[in-house]
Amino acid sequence: MTNPVLSALRLPIVAAPMFLVSGPELVIAACRSGIIGSFPTQNCRSVGDLDAWMGTITDRTDGSPVPWAANLITHSSNARLADDLRLIGEYQPPVVITALGSPRPVMDVVKGYGGLVIADVVNMGLARKAAAAGVDGMACVSAGAGGHTGHLSPFAFTSAVRDFFDGLIIVGGGIGDGYGVAGAVTAGADLVYMGTRFLASRESLAVAEYKAMVVAAGPDDLIVSDAITGTPASWLRDSIRSQGLDPDNLAPATGAKNYTAGGTSIKRWKDLWAAGQGVQTIRAIEPVSDIVDRIGAEYAVALRRAAELSPFVSHGSAE
C-alpha cells in the first residue's frame, strides 16, 4: 500500500457514515480498531453540537495515524452547509465525504488544508462528474447498500469506475464480513464501505429496538423504495409495518426530495429504519473492536484461500 491513508489502516474498511446512527463514540472506536471512522454532520442538531463532536473526535484520536472522516451533504436541502463547512476548515478532518450533491462546494476548503475529498456516487454519470471535479476518491454505493442505495453490482461498478479513474475507490453494498472485503479489494477496490455491520455495535447511536431488529433480520426483511425520501433507499420491512404501513403498498413519493429526519406523524429515519443486505452477518450487539477483530480473521482466511487458488492462476497464465 503506497497511499498514506491505506498504509495507516489495519483493514481496508470505512465504517460508513449512517444518518442518526454514527456518532463520536463509533468514530473513535473504529479508528482505535484500525479502520476509518466517519459520521454525517447532519447527525448534529446544531452547529454548536457539531463543534463539540468534532472537538471530541479530534482530541480522542490525536496522535493516531488512522484518519477519521466527516460526511457532508452538499444538496441544496442542507441549509447548514456553510456553517458546517466552516467547522470542517477549523477541525480539518483528514477525509471529507460528500453526499447527495456535487463535491465542488467543499473542494477549496478541504484541499486547502491537505485533506482528501471522497464523493458518494450511485451511478456512472455521478462518478464522471465527481472525477471532473477533481476528487481524490469515490465511494461507489452499490446494490445492497443500506439507506440511500445504488443499483449497480459492486464488482461492475468498481470495474467501470477504475476504467477511467485512478484515485481511491471505496465500494459498498451488501458487504458484511471479511470474505466480502477480500473479494472487493481483489476486484479492484481500495477500501470497503461497511455501514450496516456497525449498526448494532454498542457504540452506535441506534436505539435498542433498532439494534434488535437488525440482529433478527436477513436480506429478505428489506425493501428498496423511493416512497420515503423521494430517492431509492433500503429499509427494514418491520420498521415500516410498526408504523401501520404496508411495505409492499407504499404511496409513491410526491413533491421535492427530502433527506432530513422530518415528517408528520411518522418521521423519516427516526421511526423508519434503514439497513443493507449485510444484515445476515449480524448476530449480536457487540463492541466495534470485536466486530473488527472478527472481520480481520475472516479477511485473513479469505486471503489464504485466494493464495491456495494460485494453481488456477498459473494454469490460466500458461494457456
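Here are some notes on the packing and backbone of this predicted model.

1. Ground rules. The model is predicted, so local features need pLDDT of at least 70 and side-chain atom pairs count only at pLDDT 80 or more, while totals for chains, interfaces and linings use all residues. Residues are numbered from 1 along each chain as its sequence is written, and side-chain values use heavy atoms, with hydrogens and water left out.

2. Aromatic pairs. How many aromatic pairs are there? The count is three. Rings of Phe, Tyr and Trp (its six-membered ring) pair if their centres lie within 6.5 Å; planes under 30 degrees apart are stacked, over 60 edge-to-face, and the rest tilted. F39 and W68 make a stacked pair, at 6.5 Å centre to centre with 20° between the planes. F39 belongs to strand β2 (residues 36–40) and W68 to strand β3 (residues 68–73), so this pair ties together parts that are 29 residues apart in sequence. Helices (H or I, at least four residues) and strands (E, at least two) are DSSP runs, numbered from the N terminus. Ring pairs also link F39, W53 and W68 into a cluster.

3. Buried or exposed? For F39 and W68, the answer is buried: F39 has a relative accessible area of 0%, and W68 has 4%. Buried here is under 20% relative accessible area, exposed is over 50%, and partly exposed is in between (1.4 Å probe, protein chains only).

4. Another stacked pair. Look at Y210 and W273, which are stacked at 4.8 Å centre to centre, with 10° between the planes. This pair links distant parts of the chain, 63 residues apart: Y210 is in helix α9 (residues 208–216), and W273 is in the loop between α10 (237–241) and α11 (288–308). Y210 is buried at 7% relative accessible area, and W273 is buried at 12%.

5. A charge over a ring. Which ring does the charged end of R128 sit over? That of F164, with the charged end 4.3 Å from the ring centre. The rule asks for NZ of Lys or CZ of Arg within 6 Å of the ring centre and within 35 degrees of the ring normal.

6. Backbone spots to check by eye. Most residues other than glycine have a negative phi. L20 is not a glycine, yet has a positive phi of about 65°; L20 lies in the loop between β1 (13–15) and α2 (24–32) and is partly exposed at 29%. Q92, not a glycine either, has a positive phi of about 50°. Q92 is found in the loop between α4 (81–91) and β4 (95–99), and is partly exposed at 40%.

7. Two packed helices. Helix α3 (residues 47–60) and α4 pack at an angle of about 20°, with axes 10 Å apart. Axes are lines fitted to C-alpha atoms, for helices over the stretch in contact, and angles run from 0 to 180 degrees between N-to-C directions. The two helices α3 and α4 are therefore roughly parallel (under 35 degrees; over 145 is roughly antiparallel, 65 to 115 roughly perpendicular, the rest oblique). Residues of α3 that meet α4 include V47, L50 and M54, and those on the α4 side include L87, I88 and Y91.

8. A buried serine. S201 lies in the loop between β9 (191–194) and α9, and is buried at 0% relative accessibility. Leaving aside neighbours within four places in sequence, S201 is in contact (heavy atoms within 4.5 Å) with L26, K211, I285, E286, V288 and I291.
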